[in-house]
Amino acid sequence: MMPFSDEDLQEPVSDLIDEEFYQDLFQKAIAYFEIDDFDSAILYFSLVLDEVPEHKEAKFFAVLSDFAKNNTSHAKSLFDFYMVSEQKQKEDIRKYIYDI
C-alpha cells in the first residue's frame, strides 16, 4: 500500500508546506542580507520564490541582494529605508530597484 494517495501526489508542493515555513525562509534570507552574506540571501529568497512566485518582497530583496554585491552601501541604505517605509513608499522603492 502506498503512503500517499494519487490525489496527494497531484497537490502542489506549496499546498503541502504551510506558509510559516516560507516566512521562516524569508526571515533567514533577511538575516543573511543584514550580515552582508548576499549569496546566501539570494539562495533563500529564491527558495521562497520557487514555491511562492508572487511574493513581492522576496523578489525585491533577491534583486536588492544581487545589487548589494557590487553596491553594498547603497543597497543597505535602500534596505533600511524600505524597512521603515509605508506601503506606497515600498512600492516606489521596488520600482526604483527594478529600473536599475
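Here is a short chat about rings and charges.

Guide: Quick ground rules: this is a predicted model, where local features need pLDDT of at least 70, side-chain atom pairs count only at pLDDT 80 or more, and totals for chains, interfaces and linings use all residues. Residues are numbered from 1 along each chain as its sequence is written, and side-chain values use heavy atoms, with hydrogens and water left out.

Visitor: How many aromatic pairs are there?

Guide: Rings of Phe, Tyr and Trp (its six-membered ring) pair if their centres lie within 6.5 Å; planes under 30 degrees apart count as stacked, over 60 as edge-to-face and the rest as tilted. By this rule, the number of aromatic pairs is eleven.

Visitor: What kind of aromatic pair do Phe 33 and Phe 38 form?

Guide: Their centres are 5.2 Å apart, with 65° between the planes. Planes over 60 degrees apart get their own label, so Phe 33 and Phe 38 are edge-to-face.

Visitor: Is Phe 38 buried or exposed?

Guide: Buried means under 20% relative accessible area, exposed over 50%, partly exposed in between (1.4 Å probe, protein chains only). Phe 38 has 7% relative accessibility, so Phe 38 counts as buried.

Visitor: Which ring does Lys 90 lie over?

Guide: A charge sits over a ring if NZ of Lys or CZ of Arg is within 6 Å of the ring centre and within 35 degrees of the ring normal. Lys 90 is at 5.2 Å from the ring centre, over the face of Tyr 82.

Visitor: And which ring has Lys 59 over its face?

Guide: Lys 59 is at 5.3 Å from the ring centre. The ring belongs to Tyr 98.
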